[in-house]
2 protein chains.
Amino acid sequence: MSQGITRDSMRGKPVDIEPSRLTVTKTTSPKELPPSKSLIFGETFSDHMLRIPWTDATGWGAPSIVPFSTINLCPGTTMLHYAQSLFEGMKAYRHADDTVTLFRPEMNMKRMNTSAQRLLLPTFSSSALIECIKALIAVDRRWIPKEPGHSLYIRPTLIATNSTLAIAPPKEALLFVIACPVGPYYPQGFKPVPLYGTTEYTRAAPKGIGGYKLAANYGPCTLAQKCAANWGYTQNLWLHGPEHWLTEAGVMNLFVVIKDSGGVTELITPPLNGMILPGVTRDSVLALARNHVSGVKRLGGFPDVIKVSERPINMGEIIQSSKEGRLVELFGTGTAAIITPVERIGYNGGDVMIPTGEDGMGPVSRPLWTELVGIQMGAVKSDWNHVVSK
Amino acid sequence: MSQGITRDSMRGKPVDIEPSRLTVTKTTSPKELPPSKSLIFGETFSDHMLRIPWTDATGWGAPSIVPFSTINLCPGTTMLHYAQSLFEGMKAYRHADDTVTLFRPEMNMKRMNTSAQRLLLPTFSSSALIECIKALIAVDRRWIPKEPGHSLYIRPTLIATNSTLAIAPPKEALLFVIACPVGPYYPQGFKPVPLYGTTEYTRAAPKGIGGYKLAANYGPCTLAQKCAANWGYTQNLWLHGPEHWLTEAGVMNLFVVIKDSGGVTELITPPLNGMILPGVTRDSVLALARNHVSGVKRLGGFPDVIKVSERPINMGEIIQSSKEGRLVELFGTGTAAIITPVERIGYNGGDVMIPTGEDGMGPVSRPLWTELVGIQMGAVKSDWNHVVSK
């Protein structure tokens, strides 16, 4: 029995999330859809939300889709004081033929369960929650923008809700899912960003929580991001330890492309050593690149020969490869922006320049982006797409 | 201008917390006081709470004391997703002559402001918030238990309340203060606790947030505490790095007493290196010991000659001093329990035994505890007591 799936003591069965118990209460005052051009990430919410309560004694309660409404917490609620909160980010896309899909939702569900275990919050059946989320998307289908590059951002969240100031495993929790229509992250096309190499603050540490999508990893990051912004950088690059290992860029995973002295291209991303979030886009980029290498599916325009590495890389290696003209590109990956090219890294009082292509993307990131967006928008067939409705 | 103290743009003045704007709305249905014996830490709340809203545009709003009631948050509220939350813990004591005091509240306010700066939440005037808290305590005066060792635990909390999924400095916040009557942490007298030396998880890292009282430091700790409990230990001891430096015990600061080869007693606590919470009780223990050493105020029963050190100490030194019979005692300090003696440390598959006195306390912790409790309960005069009402 996995942690948190409690048993109904009268009947001896685990009480998991049960989609058949889902109830739907539709809003009587649906909002007007905002113009897609006006959308700002995370500020517009759809008409409904999904709520699933949990208690230690009774397990998961009946899921309900209800009008978007406030969450009312006793001021002593444990999550207000101790950050017993975790979340996921995923997107529903509307294809040209009006099919609606989620991109690899089982990856988000798996990570959400891993996060829940880390915080001693309840776990659940991934497929059951996906089914409930599909029902929410169906109810709020009109909120999925039609324009290319647009999507409905889905935010599953799990918080501890029992009221006590004792620091202990949660006895009550609430899983809720909200949705935001969002536009493309770079409406004017790709613009490579400058990153500030942060050595003044630490995002994560070995054996810490950096590899989990917990609320606790995000709020404390804003100070480093603000410092980077004050110095004219779009985001910060988390450099770990005295060796200045590259870990994450803001809240994105990070890829570096270098050539070795023999001219062979290497696509490098830091390994999942507990300090790196196991990003869905990170995993997808690695899978696409490895499928190219193995011949399962060649990517048009991708380097013929490429080595795919999950290994540590530090600023010393970046600078060395830059000096020797072997640095090809550097980019971030994440659900929000998919791929974000980087043009320079503020480091040691100067800037390490990163090559970027004419349109902002490089020779490795461009084919990856094309394939990923092609899959997500339905132009490329893939079993990564999970059909919500046709 | 300190971060977060905004200016009224029309008048050019910073808009700080202003006690003169405080309003009081008393409950019409006061709760029955529970028997002091039945109190469980953090589960019983008084009749009222203090609320002070803040916005980036207008600064701090008018403080209000209102009936204890839910906090209603939009599901997109940033603190639900990103742990932009911090808190303090302090106690109001009722003396034998019915005087009510707070213990060094300016220390909590200073730390709360430091925490706020770390999360880019608004800062405020310490004396202004203390004045509002005093008003809350006065309104809920009947909730301060009369019995020795009892107190009213005060929990100031500051959360980001604007509704956006963007990760950015908060634009709206709510400071609230709630109060819980609490009994003595060890109603049956001191019982030394066993600690499990945690090397599987990290609480804090250099340049991280471990030195701030942020919500994000607490929820993630419950897993290590649960592991310790599963193995029969009351709390866990956070051992940092491959050298197994002692840092904190559960959510307490830590003190070690050893004798050097010449027989001189040393009172040691890990230094404030960014991984250690600057505890008020920690600071008070250090101050009492240093006043004893300097002769400002001798402590009855304390070792005549004692060295007071803020320095790193690791498990190697604990084991070595234990083997050589030089380990005198080890104890945790914190607002909740004041002083918690430790009887053993689970480490490397065995237990490192720690000497404890007959009644549970050792020769160094006992005089410290007597003095601290004497001050807090009013038997010992001290300018650490801040009179709330007589």
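Q: Is A:Ile338 buried or exposed?
A: A:Ile338 counts as buried, at 12% relative accessibility; buried means under 20% relative accessible area, exposed over 50%, and partly exposed in between, with a 1.4 Å probe and protein chains only. Bear in mind that this is a predicted model: local features need pLDDT of at least 70, side-chain atom pairs count only at pLDDT 80 or more, and totals for chains, interfaces and linings use all residues. Side-chain values use heavy atoms, with hydrogens and water left out.

Q: What's the phi of A:Ile338?
A: A:Ile338 has a positive phi of about 65°, although it is not a glycine. A:Ile338 sits in strand E20 (residues 338-347) of chain A; helices (H or I, at least four residues) and strands (E, at least two) are DSSP runs numbered from the N terminus.

Q: And what about B:Ile338?
A: B:Ile338 has a positive phi too, near 65°. B:Ile338 lies in strand E20 of chain B and is buried, with a relative accessible area of 12%.

Q: Switching to the domains: how is chain A divided?
A: Chain A has domain 1 (3-184) and domain 2 (193-385), with bounds from an automatic or database domain assignment. Their centres, taken over C-alpha atoms, are 28 Å apart.

Q: How much area do domain 1 and domain 2 of chain A bury between them?
A: About 2200 Å², 64% of it on carbon and sulfur atoms. Buried area here is the accessible area (1.4 Å probe) that two parts lose on being put together, summed over both. On the domain 1 side, A:Phe103, A:Arg104 and A:Arg111 supply 31% of the area buried against domain 2, more than any other three residues.

Q: How many salt bridges cross that interface?
A: The rule finds one between domain 1 and domain 2 of chain A, a salt bridge being a side-chain nitrogen of Lys or Arg within 4 Å of a carboxyl oxygen of Asp or Glu. The side chains of A:Arg104 and A:Asp283 meet in a salt bridge at 2.8 Å, N to O.

Q: Last topic, helix H6 of chain B. Which residues are buried there?
A: In H6 (residues 315-323) of chain B, B:Met315, B:Ile318 and B:Ser321 are buried. Seen down the axis of H6(B), the buried residues fall within an arc of 130° (from the directions of the helix axis to the C-beta atoms), so they line one face of the helix.

Q: What happens just after H6(B)?
A: B:Gly325 takes a positive phi of about 70° there.

Terms used: Residues numbered from 1 in each chain as written. Chains lettered and ligands numbered in written order.
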